[in-house]
Amino acid sequence: MANGSKLENNDNTNNISLEGKKIKKIKNKAADNPDQFWSECAKNLVWFKQWDKTVDWNPPFAKWFQGGKINAAHNCLDKHIESEIKNKAAIIWEGENGESTTLTYNQVYCKVNQLANALKKLGIKKGDRVTIYLPMIPELPISMLACARIGAIHSVVFSGFSSQSIADRANDSKSRIIITADGGYRRGKTIPLKDITDDAVKKSPHVEKVIVVRRTNKEIAMGEGDLWFEDIINQESNLCESEWMDSSDPLFILYTSGTTGKPKGVVHGTGGYLTHLYNSAKWVFNFVATDIFFCTADIGWVTGHSYVVYAPLMHGVTEIMYEGAPDFPDQGRYWDIVEKYGATILYTTPTALRAYMRHGDDIPNSFNLSTLRLLGTVGEPINPEVWLWYYNVIGKQNCPIVDTWWQTETGGIMVSMCSGIENIKMKPGSGTFSLPGIEIEIVGEGGEKVESGKKGYLTIKKPWPGMLLSLWNDDERYKKTYWEKAPNRYFAGDFAYVDKDGYIWILGRSDDILKVSGHRLGTIEIESAFVSHQSVAEAAVTSKNDEIKGETIIAFLVLKSGFVSSEQLNREMNEHIRNTIGPIAVAEKIYFVNKLPKTRSGKIMRRLLRSIVNKETIGDITTLEDEASVEEIIHEINQIKKYI
Ligand code: WTA
């Protein structure tokens, strides 16, 4: 095994110390003198000007490495093109249709500079926002890095989202440009990204220009403000000076679901975020020069931002970027990619693993996966049996597994085994310990620390460099969402407990956020989308445990008078959700009911709905306004009108 980490209950592990000496030293240093510790971490980056102060902590706002000047694109590219890494493969890209391209660090550098120059010509300057709505093609990281180079703030919108979602995000951030493609491939189908963008632009008054990457051969209409990506970059020089950014200048906005209707714009800074990423990747993945890193996340989500774009490129490793679905054209796609390019690290989601596991061991066993040295998971809790399958069948008991817990807001990994610096027993289903410098405490309702073995809320005691700066244009919501629920702590919104050995176990969300196939969605956001349909008076959304997706969306709808439930209406509703949020938010089941269970103060009891759909004990319903609604719902679920 690569670093000696062993599986719990394995007889050979008795002589292995719980924590390696190296990590103890690092963690102690971080705890004793956090300023000095983070300052040393920041020195791993390239700065134009060194900072004067490690952190200016004005709770709950932190400015990391104050006075320092830095550029994210410079740290991902320039640093390498001045070294022997210049002609090394940065991105090995594979299209869903089997096409493949490799871009060296120098090639990425040239394209980024050309696009940066083109954006400047279009009047984009430091602080302007650019929305990027692209599939998983190299132009996506290139666009992000081009923005970073000139100090523009990128806002990437996942290419599975609808035109309404793009418009909401482009309006909130007042983006002046959208970068998209003529289309994208998903499970063999072409997604009309440009048409969807055109619809969004009609509702986005700030957007002046749309830049279009050629991905398919589809004929598309180019309007007055539309420009071909290739045309604008071909005219440009491949040299563009990096903007000197203040360390706490925003690098990007990434909209993510919260517990209210509208997604919130999580804002990440530059120097702190990059410091967290560089060091977390070093500790967790222990990148070496020969690594071929395969992170399967879409860049539209935070894992893709942090561990497809910024962390691997800063480290100068070669990474694989795959455009399409894990099951296209068959159930061996990831394994085929691992074999073909010799991936050494695979970082993926429990959902993908559950789906593969269902198809048995023969498929992965028919590929040569022996290049793998480390496996990782992210985004949702991993069931111990899936963990073991990953460990035995994919890793052949030779690869440690890093189960990494973190969030869009934390910027980078917060809890994980650090494969580079520690040597511990792994426990399937536990992320193990927090990273150096990260102080996690599990607390009860009143903010008091709970004893080991007891479930509580996961909180973070001290600021860390990767933490969000704030929410875009909404400092109040930032304070309220993260810093008021537990005194002087960051409140993550997850349930967790710590076992007797100090291992952290994440138990899932404590709020109205769902994780469907690892994708983060807000129940209230989906309810608002339902209610925006002309026939819906009220909506309640909850989730049901699902063997593959983790959880699936279940909706209860009360129709306005004059509307009756039907299969046709059910289909219309799915279409409506597809158009307002995107296909990922479509409900697994919709139940039409006469009433929703509410408390006497009028709040929908989603907890109760969740228990009912999962056939769990219902618990305390004394605050319920009308018990009849529960009976009706149970009857509805068990008996009638189940539309799929
Ligand atoms: C969940 C994804 C268990 C958690 C990086 C968190 C996890 C939310 C894990 C953030 C894990 C993430 N084990 N649960 N290893 N990783 N989560 O913002 O509920 O899309 O709060 O960031 O995913 O989701 P987000």
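Visitor: How many residues lie between S5 and S6 in the hairpin, and which residue in the turn has a positive phi?

Guide: The model is predicted, so everything below describes a prediction. The hairpin formed by S5 and S6 has 5 residues between the two strands. The residue in the turn with a positive phi is Gly98, at about 95°. Strand S5 covers residues 89-94 and strand S6 covers residues 100-104. They pair in the antiparallel sense over 5 bridges. As a general point, strands of a sheet pair through backbone hydrogen bonds, and the pairing is either parallel or antiparallel.

Asn286 has a phi of about 50°. Asn286 sits in the loop between helix H9 (271-285) and strand S17 (292-295). Pro329 is in the loop between strand S18 (318-322) and helix H11 (333-341).

Next come the sheets. An open sheet of 8 strands runs in the order S13-S12-S9-S7-S8-S15-S16-S25, and its pairing is mixed. Its edges are strand S13 (226-228) and strand S25 (470-471), each of which pairs on one side only. Within this sheet, strand S7 (residues 129-133) and strand S8 (residues 153-156) run parallel and are joined by 4 bridges. Thr131 has Ser155 in S8 as its bridge partner. Helix H7 (residues 193-202) lies across S7, strand S9 (177-181), strand S12 (209-213) and S13, and runs at about 160° to S9.

An open sheet of 4 strands has the order S23-S24-S26-S27, with antiparallel pairing. Strand S23 (440-443) and S27 are at its edges with a single partner strand each, so one side of each has no neighbour in the sheet. From one strand to the next, the twist averages 45°. Strand S26 (residues 490-498) pairs with S27 over 5 bridges in the antiparallel sense, and Phe495 stands opposite Gly508 in S27.

S27 leads on to the ligand. Strand S27 (504-509), helix H10 (302-315) and strand S21 (401-404) each supply at least two residues of the shell around the ligand. In total, 17 residues surround the ligand, and the closest are Thr404, Thr408, Asp494, Arg509 and Arg520. By class, the shell has 6 nonpolar, 5 polar and 6 charged residues.

A polar backbone atom of Thr404 is 2.7 Å from a nitrogen atom of the ligand. A polar side-chain atom of Thr408 lies 2.5 Å from an oxygen atom of the ligand. An N or O atom in the side chain of Lys515 is 2.7 Å from an oxygen atom of the ligand. On its own the ligand has 530 Å² of accessible area, and the protein covers 97% of that area.

Technical notes:
Residues numbered from 1 in each chain as written. Predicted model: local features only at pLDDT ≥ 70, side-chain atom pairs only at ≥ 80, totals over all residues. Heavy atoms only, no water. Near = heavy atom within 4 Å. Polar contact = N/O pair within 3.5 Å; in protein donor to acceptor, adjacent residues only side chain to side chain. Areas by Shrake-Rupley, 256 points an atom, 1.4 Å probe, with all protein chains shown as cover. Nonpolar A, V, L, I, M, F, W, Y, C, P; charged D, E, K, R; others polar. Pairing = 2+ DSSP bridges. Contact = heavy atoms within 4.5 Å. Axes fitted to C-alpha atoms, helices over the stretch in contact; angles between N-to-C directions.
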